[in-house]
Amino acid sequence: MTYKYDNNVKTMTRAGKVIPCGVYGHLGPAEGCMIPSSAYPFFASRAKGSEMWDVDGNRFIDYMCGYGPNVCGYCDPDVDGAALEQIKKGNCTTLPGHIMVDFAELLTDLVHKDWAFFCKNGGDVTSFAIMIARYHTGRKKIIFVNNYYHGVAPWTQKPDTPGTLIEDCCNSLYVDFNDIPALTKLIEENKDEIACFIATPYMHGNFIDNELPQEGYWQKVRELCTKHGIILIIDDIRAGFRLSLEGSDTYFGFEADLITFCKALANGYNVSALCGKEFLKSAASTVPYTGSYWMSSVPFAAGIANLNKLKANDACAHFRAMGERLTNGLLKTANELNVPLKVSGHPALFYLRIVDNDGSFLLHQEWIAECVKRGVFITNHHNHFINLSLTPELVDETIEICSYAMNEMVKNNPESFR
Amino acid sequence: MAIDSKTLAFVNFYAAIGTLEKFVEFDLEAAEVARKQNITVRFNVKGGPDGLVIFKDGKVTVIPYDGRKVDVNLYCNNADKFNKVVDGTAMPLPVKGLIKTLNFMGKKDSPFTVLTDRMAAIMRAKEFQNDEERNLCTKLSFYAMAAGIAEVGNNDPIARYAMERVLDGNIVLGIKDVCYATLVKKDGKLTVVREKLPGGRAFMTFNTIEVAKGLIDGELDSMACVSSGLLDTRGHMLMLENINKILNIVPKYLQ
């Protein structure tokens, strides 16, 4: 039995009339990670822990976790309790709540940085990091790692992106991940012009197998940046607090000058943070940057409860263990069925791909669709997320469903698996 | 967005005139008109397309100039001039075959003139006498769009960024069970083949001819159609993402 989505489609039809795209952005089917869209639900009715129910009443074990924010579990009683307590005291007040200072102290201590600046979304803090780097260095150019994603602001885009100008991209330089010779050459070619190098701690780009840093990569990048006065920015929005609670730069054994956090910071409450070293604090004070809700107290209360819960439960060890349990189970089935499944990235943020000969992803997309229609919410070309509420029992149920789905896919494509 | 004359010339030649290939295939009257003349005509545009329009036994073929002997050689000294020729406000310089040029496109009842005028009228029509005519309009618009993606991607200064990021391989575009075209990315450029080729890496299929018409005319929102399944996309999505970026630019050249 596979799921039906009648109410989802009806709701999407309504949505399409009043909301551009129906569901715009990364949560929507137009983004390219929900293929075919007919296999996917579009709207949730409720969620708890690691499970989510759609508007047709279908239940899913959810490995997208809101694309990251669900890190303790949906409707976590400790985080939601702290938020509710803060609501009673005030949220968006004329003077910021003192809890902002508590949160900044907790966060900077945890991630070994000297200051924290709070915004709302990941793109807010990556943009601020770039502005700080440019102001501090007096330089224009930014080095990006190919297949990057740092938000949707024009500086992050290519000239062919609707709404972006060629001029927005004329200071962008590109290099492959793990390619120190190319990075060295790029720096030499643009001597004294590069404000910053921005990258995620490992290559967890969409549509590509994820790639961990090679031995010594980050240490060499750090050395080059220091030598040439380039600000080293780590975009830890997706991986932050899933590899290590001390920041992914610490996890990989180097120190970023600026590091951005968002998704796993407050278990779904809207706050992001840019943390930095002392020498950039003055620049962060000088560059004008603010927003109507950036000092709201409720997300700070949620963030404190969230980080404390992650610490108390050794969350990153749990993420790794559950990720390994799941991917090992999937690989076992794949081996039995002679399906060339490739798992890449960190187990807490595992990425899946069935290798095909023609590079079309069609078999992979078919398998994922069969999983979703049976109650495991995973997407085609994005990394997945483990959260603290995920139990071994749910993982084993997932393996069972995904194995059945893989078998269905194999049966439907006998010519590919002879 | 600025219109680039050179890009427009390529679109005019390969996407607009090129769609005659399908017009004479779909429309019996058009095929009869084409059958009146067997002729090979070269359009040589300085800084623009250098291609052949071949009328043979009621079929039309539009291809890049390949060095063969031609009956007529028409020259335009720049892309703007050629675009005016297509608009009907200028004539090219006949380097070879003056009389044949007049027979081919110099009069209102010349085969090339009749075919291009009639095809343009069908593609621009807002009201139709019957479903057949409406569907013909949609199919022709579909093929013009597909060829337009290739030409805009190869030539428009902005679209080239996206074209260069499209991986090598075949991208199949189609109206389900009605008609298909394949964009082939190879050797750093896109070419269109007006049929479904095997070995596709990415696929974009309009579920019905009505959906195709709505999307091509800009009356339906493409993202909403993806969401509702009216526009089915699968395969290598990064290839499609870049094709979509080119597609966003195509209408300004096809208007």
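Visitor: How are residues and chains labelled, and which pLDDT do local features need?
Guide: Residues are numbered from 1 along each chain as its sequence is written, chains are lettered from A and ligands numbered from 1 in the order in which they are written, and side-chain values use heavy atoms, with hydrogens and water left out. This is a predicted model, where totals for chains, interfaces and linings use all residues, side-chain atom pairs count only at pLDDT 80 or more, and local features need pLDDT of at least 70.

Visitor: How many salt bridges does a search of the whole structure find?
Guide: Side chains of opposite charge can pair when their charged atoms come close. A salt bridge here is a side-chain nitrogen of Lys or Arg within 4 Å of a carboxyl oxygen of Asp or Glu. Over all chains, the search finds 37.

Visitor: Which residue forms a salt bridge with A:K113?
Guide: A:K113 is buried, at 6% relative accessible area (buried means under 20%, exposed over 50%, partly exposed in between, with a 1.4 Å probe and protein chains only). The closest N and O atoms are 2.8 Å apart, and the partner is A:D249.

Visitor: How many residues apart are A:K113 and A:D249?
Guide: A:K113 sits in the loop between α3 (99–111) and β4 (115–119) of chain A. A:D249 is in helix α7 (residues 248–251) of chain A. Helices (H or I, at least four residues) and strands (E, at least two) are DSSP runs, numbered from the N terminus. The pair links distant parts of the chain, and the separation is 136 residues.

Visitor: In the salt bridge of A:E189 with A:K185, how far apart are the closest N and O atoms?
Guide: An α-helix has 3.6 residues a turn, so residues three or four places apart point the same way. A:E189 and A:K185 are four residues apart in helix α5 (residues 180–189) of chain A, so about one helical turn separates them. A:K185 is exposed, at 53% relative accessibility. The closest N and O atoms are apart by 3.0 Å.

Visitor: B:K252 forms a salt bridge with B:D156; are these residues buried or exposed?
Guide: Their closest N and O atoms are 3.9 Å apart. B:K252 lies in helix α11 (residues 237–254) of chain B and B:D156 in the loop between α7 (131–155) and α8 (159–165), so the pair ties together parts 96 residues apart in sequence. Both B:K252 and B:D156 are buried.

Visitor: What is the area buried between chain B and chain A?
Guide: Contact means heavy atoms within 4.5 Å. By that rule, 22 residues of chain B are in contact with 23 residues of chain A. Buried area is the accessible area (1.4 Å probe) that two parts lose on being put together, summed over both. Carbon and sulfur atoms give 64% of it, and the area is about 1,900 Å².

Visitor: Which residue of chain B forms a salt bridge with A:D160?
Guide: The count between chain B and chain A is two salt bridges. In the one with A:D160, the closest N and O atoms are 2.9 Å apart. The partner is B:R165.

Visitor: Which side chain of opposite charge is nearest to B:R201?
Guide: B:R201 lies in strand β9 (residues 200–206) of chain B. B:R201 is buried yet has no salt bridge. Lys and Arg count as positive and Asp and Glu as negative, while His and the chain ends are not counted. The nearest side chain of opposite charge is 6.5 Å away, and belongs to A:D358.

Visitor: Which backbone oxygen lies 3.0 Å from a polar atom of the side chain of B:R201?
Guide: The side chain of B:R201 also reaches the backbone oxygen of A:D358, at 3.3 Å. The oxygen at 3.0 Å is that of B:D168.

Visitor: How many of the eight residues of helix α9 of chain B are buried?
Guide: The buried ones include B:I209, B:V211 and B:L215. What covers the buried residues includes α7, β9 and β10 of chain B. Helix α9 (residues 209–216) is largely enclosed by the rest of the structure, because its buried residues number six.

Note on methods. A polar contact is a pair of N or O atoms within 3.5 Å; within protein, one must be able to donate a hydrogen and the other to accept it, and residues adjacent in sequence count only if both atoms are side-chain atoms.
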